[in-house]
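The sequence and the model come first, and the description comes after.

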Amino acid sequence: MNTARRLFLPYGGRRAAGSPSDAPALAAQDLCVRYPGADQPALRDVTIMVPAGARVALVGPNGAGKSTLLKSAAGLLPVVGGSLMVYGARPGSLPHRVAYLAQRGELDWNFPISVRRLVVAGRYPHLGWLRWPAREDWRKADAALERLGIRDLAERQIGELSGGQQQRALLARALAQEADLLLLDEPLNAVDAATREVVSTVLRDLQREGKTVVVATHDLDRLQTDFDDALFLLDGQVVARGAGQAHPHYARASQLNGRLEVTA
Amino acid sequence: MNPFDWVLSPFQYNFMRTAALAGALVGATCALLGVYVVLRRMAFIGDALAHTVLPGLVIAYLNRWNMTGGALAAGIITALGIGWLSRRREIREDTAIGILFTGMFALGILLMSAVRSFRDFSHMLFGYIIGVTDDQLRLFAALALVIIVVLVLLHKELELTSFDPIHAQVIGLRPDALRYALLALMALAVVGAIQAVGVVLTSALLIVPAATASLLTKRLPAMMALATLIAVISSLTGLLVSYHLDVASGAAIVLICIAIFLLVWVIRTIHECRRTTQR
């Protein structure tokens, strides 16, 4: 019971609003999001629903709004129109239930910190102010490292890892956080084959554990095997849906963009 | 003179003992904070904070107010002012720093020139560590204690916001609030450092020991310990050199810091060259 109480004391004293357990993981209604200072909205009239326990891919060329949608759900961007709910609550109000993996470049990898210490930061929303990670937190960090096959790199400085290993470390942190909703921005971008395999396995296991996973990806090959559903984004709008086939409209657009190959 | 006498004889004087303690305290606190200053690329703002404290010092001096209070007020106004000027992003932060920094420093010089006793003010500009009183020493100790306690209590949050502000924000922390906390601590540290090495050289105490330590280790706690050690050694050595050679103590302390940095850097460079040629 003690742990349950701890969960509801996130940072900044913001108590998690009592969210109904049957609320969808992610629900957007006519959502509009604009970056501060930008003229054009980055997302326009997006209406989607991600049920709890689903694995959903966000597909689209660069600038389509995949990252924006993930950032909004993580509470990093203000909603300027429509509504966006995460487990029935305002984005950003459930820090311990939502993990967000930014693209690898958005972190200072030169910082003098070990991989293990990076991963234990996933426990911070459960700890809050003035509490140091306890043995249990370190144990969970180590277990997450083990699961991603980088336990042996735990004491390395984070900058000494390869790109794929860094991506695994970030995913390990999200696992240590024990979040219910994982928002992953291009976790498979420019990583080695071994990392792809490990990440795929972890995503599959997460679904078995009842977690919800939303992944921005360029990789159309794995859509059918790795995901239950896919949302195709273009110019800030959802233009197609369904993991089964690449939508013709989307295929044409992505060819114009020159970055994607549609194999389906 | 034998080396023991060279080191120990100056400390028969009370003012030298006080100065040594003050130097060690001030150097240690600046170096500790300096690790964050270096890692978060805040070197420019550190320098600016030291300079903008000047008008606060001068106004307090002219009105016979508490000089430390004046310095603190000016430091905190600067920290908030920079945030406020650059908040709408029309003006970039480094530009805002540049404007406030030079503006406040010019104001300080203007006020100094209005009263013609430059001698008192030269201590503000270049430091006067052997003039530290027992009261000031107690104040420095209190400031050091506050800084260390806050750094320990907020360690995991300061660390996280330094290398991954996005994750910090997602889990409900406010990176900008922690940055202000760090700036406030820097204002506290700067107050002591000005007495030791003066307004102009204070940023050296923030930056150089931390930069040296960053060449030697890839662990944050070790980096903090090393930076502190380097700063304490530099302060004491600089003080001795200035005593024996009768030169400015602030400049001597800073030059010892720089000498240690250069030594480490040269050794590292040679080491790196060897390693690459061996491959």
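This is a predicted model: local features need pLDDT of at least 70, side-chain atom pairs count only at pLDDT 80 or more; totals for chains, interfaces and linings use all residues.

Residues are numbered from 1 along each chain as its sequence is written, and chains are lettered from A and ligands numbered from 1 in the order in which they are written.

## Sheets of chain A

Helices (H or I, at least four residues) and strands (E, at least two) are DSSP runs, numbered from the N terminus. Two strands pair if DSSP finds at least two bridges between them.

One open sheet in chain A has six strands in the order β5-β6-β7-β3-β8-β9, with mixed pairing. Its edges are β5 and β9 (237-241) of chain A; each has a single partner strand, so one side of each is left without a neighbour in the sheet. From one strand to the next the twist averages 20°. Angles run from 0 to 180 degrees between N-to-C directions, and axes are lines fitted to C-alpha atoms, for helices over the stretch in contact. Helix α7 (residues 193-208) of chain A packs on this sheet and touches β3 (55-59), β6 and β7 (212-217) of chain A. The direction of this helix makes about 150° with that of β7(A).

A second open sheet, of three strands, has the order β2-β1-β4 in chain A, with antiparallel pairing. Here β2 (43-50) and β4 (79-86) of chain A are at the edges, each with a single partner strand, so one side of each is left without a neighbour in the sheet. The twist averages 5° from one strand to the next. Helix α2 (residues 66-73) of chain A lies across β1, β2 and β4 of chain A and runs at about 65° to β4(A).

| Strand pair | Bridges | Direction | Bridge partners |
|---|---|---|---|
| β1(A) (residues 26-33) and β4(A) | six | antiparallel | A:Cys32 and A:Gly81 |

A residue is buried if 20 or more other C-beta atoms lie within 10 Å of its own, exposed if 12 or fewer, and partly exposed in between, with C-beta atoms placed from the backbone. Both faces of β5(A) are covered: A:Val98 and A:Tyr100 are buried on one side, and A:Ala99 and A:Leu101 are buried on the other.

## Contact between the chains

Two residues are in contact if their C-beta atoms, placed from the backbone, lie within 7 Å. Between the chains, 24 residues of chain A are in contact with 22 residues of chain B. On the chain A side, the elements that give two or more residues are β5 (98-101) and α4 (124-127) of chain A. The residues of that side divide into 17 nonpolar, four polar and three charged. In this count Ala, Val, Leu, Ile, Met, Phe, Trp, Tyr, Cys and Pro are nonpolar, Asp, Glu, Lys and Arg are charged, and the others, Gly among them, are polar.

## Two helices of chain B

The expected span of a helix is 1.5 Å times one less than its number of residues. For the 20 residues of helix α7 (residues 134-153) of chain B this should be 28 Å, and the end C-alpha atoms are 29 Å apart, which agrees. The buried residues of α7(B) are B:Phe140, B:Leu143, B:Ala144 and B:Ile147. Seen down the helix axis, the buried residues of α7(B) fall within an arc of 100° (taken from the directions from the axis to the C-beta atoms), so they line one face of the helix. They pack against α2 (14-39) and α10 (175-216) of chain B. Exposed residues on the other side of α7(B) include B:Asp134, B:Arg138 and B:Leu145.

Helix α4(B) has 19 residues and reaches 26 Å from its first C-alpha to its last, close to the 27 Å expected. Its buried residues include B:Met67, B:Leu72 and B:Ile82. The buried residues of α4(B) pack against α3, α5 (93-114), α7 and α10 of chain B.

## Two loop residues

Most residues other than glycine have a negative phi. A:Ala190 has a positive phi, near 55°, and is found in the loop between β6 and α7 of chain A. A:Ala190 is exposed, with 12 other C-beta atoms within 10 Å. Phi of B:Arg64 is also positive, near 60°. B:Arg64 is found in the loop between α3 (43-62) and α4 (67-85) of chain B, and is exposed, with 7 other C-beta atoms within 10 Å.
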